[in-house]
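Dear colleague,

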Amino acid sequence: MSSALTAEGLGKRYGRRRWALTDCTLEVPSGHVVGLVGPNGSGKTTLLNLAVGLLSPTTGTISVLGRNPGDGPAQLARVGFVAQDTPTYVHLSVADHLGLGTHLNPGWDAQWAKNRIDETGIDTTQKAGQLSGGQRAQLALTLALAKRPELLLLDEPAAGLDPLARREFLQTLMVAVVDNGVSVVLSSHLVADLERVCDYLIVLAAAHVELAGEVEHLLATHRRLVGPRRDPKNLPSDWRVIDARHTDRQTTLLVRTDTPIHDPAWAVEDVDLEDLVLAYMSQTSHAERNRRASLRMQP
Amino acid sequence: MTWLAWRQLRTSAIATFGALLALAVVLALTGPDLVHLYDTTVKPCPSIGDCSGAVAAFGKKYNFLQQLLTIVMQVTPALLGVFWGAPLIARELETGTYRLAWTQSVTRTRWLATKLALTGLATAALAGLLSLAVTWWYAPLDKAGTNRFDGSVFGERGITPIGYALFAFAVGALLGLIIRRTLPAMATTLVAFIAVRLVFSQLIRPHLLAPVRATFTLGATVNGYASSNGGPTNLTAGNPSDASLQNAWIYSARIVDASGHALTPQATASACPQLANVGLQTPLPPAGSAGNVHAVPAPGGGQALQQCAAKLSTSYHTVLTYQPANRYWTFQTLETAIFAALAITLGGAAFWYLHKRLS
């Protein structure tokens, strides 16, 4: 299967010192709905802006659908983008936005766009500045999909929406994905949203890729284990401990392992996506805290 | 892309060109009356007498409209820079809509090129049409008594407003791109435009072409005995009533001897002691100003002045430094071309900045 997005040693620095993304290497196969998750400021927006060509990398390379992002009109036409906060021209009407799409995209599907807007019940004579957050997100999604992209990138599209609008938005997204067969990369810090729509997960934290893989595979290889208190040093070598909590008598682990766990001392539980994401994110925040603490101790 | 650029400009373009049309209607209604007044009062005045009175009376016609047009011509280029130039890119960067525009199937180079070209064209057209209407309306008044080289008038007629407007627009667009916020970009555009305009008209325009020098007799040029800028009292010279100097841009009129030394107050006092009795006269406007300096003999001292000039003219003469009136369109073209070239350079810088710094 061809790859939707490939990054190697990708890094982006703003100004002289602030690295928003460092040494990011990943390969996202096409045909997936990819959830890009991470705490605020972890580099999600930077990665997506690099992928769509709004930014250019400081280090490393990124290729999208096999080509440089934003490399000429043909490449721009292959990638749809819904930017954070779904920007629209406040003084232009909804119909003007559809006109903008018609005139700026050779592959524009005007009929489909018109139908989509009619379905959402948005009045096309309304100025974009008067739309509700949910309506604006729907308009932005329509603009991004009606150009018939091969890859759709969405940057926190549902962040500002109330739960109902969020659900409607994700529903229309999923319908469109099925109808158009488009690959999707969707960033969010709302794991519950991702759980409903994504089949591939990338966890970014502190400007690094912490985890990337198909959701099914990730859920199959991660286990929560509860058992009598143990020294973490005495665990099997093929276990990767993501999270460990100890009480006086009991140890709770979240481990990654490809082999089945037969040791009867452990009670083995499945994990869900939220457990997984939180474990990886808190792992980084622990590491980050330790790193800062050690920096502080240096003279 | 033209569609979007036009759609974004449309509302303000229609309003602005509407205002221009309204002004043009007012000018079209009053202009013929000015022509008629000129033909009936100023043109026949040599045969009637009192020409300066007729000219002065004619110059006061439509005084309100004249003042309004002066203001409009001075501020229009600046306003175009502030309201069409500065927000052109700054607003997209500020509100984030550039992320929508740059991710359609159009490169950002074409996006910028189309926006600059379309709005720039509208700017040039507006300034050009405005200046055309105003220059036409003012023609009889200018013919009667205005030196078109005059400091402010020069920039309010002909083609220079097009150059200024294009320049102001380009300054606004580039500053908006660099500053990325609309209001600060508007403010700095205004300051930058005014600064360049002032520096150009004060320091650069006089040096665009080497001035002509001509010598005249003292009798034809001496127009007073006065102290200028608190200096010692001396003979002053103006431009002679010579047809070749009509509407010329006079830089200076200096009284010098054969070897080029200026006439000293001591030399004047020893040669013409009778002038001391005439007393201090009001200093005339300095000869460097572009306006016509009318030779007005000092009251009560006219005869003494003429005698003195005759006495000194054996060894002294007046050197006039000036730009002949027929260079007017050369100056207009040069200044417009320079401002337009500056605008194009700034536009080029905008493309460079867009690629080097905004990614």
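To begin with chain A, strand S1(A) and strand S4 (residues 59-64) of chain A pair over five bridges in the antiparallel sense, and within that pairing the bridge partner of A:Thr6 is A:Ser63 in S4(A). Please bear in mind throughout that this is a predicted model.

Strand S1 (residues 3-14) of chain A is also joined by eight bridges to strand S2 (residues 18-29) of chain A, and these two strands run antiparallel. One of the pairs to look for here is A:Arg13, whose bridge partner in S2(A) is A:Trp19. The hairpin of S1(A) and S2(A) has three residues between the strands, and in it A:Gly15 takes a positive phi near 65°.

Further along chain A there is an open sheet of four strands, which has the order S11-S12-S10-S13 and antiparallel pairing. Its edge strands are strand S11 (240-246) and strand S13 (267-270) of chain A, each of which pairs on one side only, and the twist from one strand to the next averages 20°. Strand S10 (residues 222-228) of chain A runs antiparallel to S13(A) and is joined to S13(A) by four bridges; in this pairing A:Arg223 stands opposite A:Asp270 in S13(A).

As for the division into domains, chain A consists of domain 1 (3-205) and domain 2 (219-297), and the C-alpha centres of these two domains of chain A lie 34 Å apart. Where they meet, nine residues of domain 1 of chain A are in contact with six residues of domain 2 of chain A. On the domain 1 side of that contact, helix H7 (191-197) and strand S8 (200-205) of chain A each supply at least two residues, and the residues of this side divide into seven nonpolar, one polar and one charged.

Chain B is likewise divided into domains, namely domain 1 (2-208 + 328-356) and domain 2 (218-312), and the C-alpha centres of domain 1 and domain 2 of chain B lie 40 Å apart.

Two helix contacts in chain B deserve a look, and both involve helix H6 (residues 108-145) of chain B. In one of them, the axes of helix H1 (residues 2-42) of chain B and H6(B) come within 8 Å and cross at roughly 10°. Angles under 35 degrees count as roughly parallel, which means that H1(B) is roughly parallel to H6(B). By class, the contact of H1(B) with H6(B) has 24 nonpolar, five polar and two charged residues.

In the other, helix H3 (residues 51-59) of chain B packs against H6(B) at an angle of about 150°, and the axes of the two helices are 10 Å apart. Because angles over 145 degrees count as roughly antiparallel, H3(B) is described as roughly antiparallel to H6(B), and H3(B) passes H6(B) in a left-handed crossing. The residues that meet are B:Val55, B:Phe58 and B:Gly59 in H3(B) and B:Leu141, B:Ala144 and B:Gly145 in H6(B); this contact of H3(B) with H6(B) has four nonpolar, two polar and no charged residues.

Chain B also has an open sheet of three strands with antiparallel pairing, in the order S1-S5-S4. Strand S1 (212-216) and strand S4 (249-257) of chain B are the edge strands, each pairing on one side only, and neighbouring strands of this sheet are turned by 25° against each other on average, direction ignored. Five bridges join S1(B) to strand S5 (residues 316-323) of chain B, and the two run antiparallel, with B:Thr321 in S5(B) as the bridge partner of B:Arg213.

Finally, which elements of chain A give two or more residues to the side that touches chain B? The contact between the chains takes 23 residues from chain A and 16 residues from chain B, and the elements in question are helix H2 (72-78) and helix H3 (94-104) of chain A. The largest share of this side of chain A, five residues, comes from H3(A). By class, the side of chain A that touches chain B has 14 nonpolar, six polar and three charged residues.

With best wishes

Notes
Residues numbered from 1 in each chain as written. Chains lettered and ligands numbered in written order. Predicted model: local features only at pLDDT ≥ 70, side-chain atom pairs only at ≥ 80, totals over all residues. Axes fitted to C-alpha atoms, helices over the stretch in contact; angles between N-to-C directions. Parallel < 35°, antiparallel > 145°, perpendicular 65-115°, else oblique. Nonpolar A, V, L, I, M, F, W, Y, C, P; charged D, E, K, R; others polar. Domains from an automatic or database assignment. Pairing = 2+ DSSP bridges. Contact = placed C-beta atoms within 7 Å. Left-handed = near helix turned anticlockwise from the far one by under 90°.
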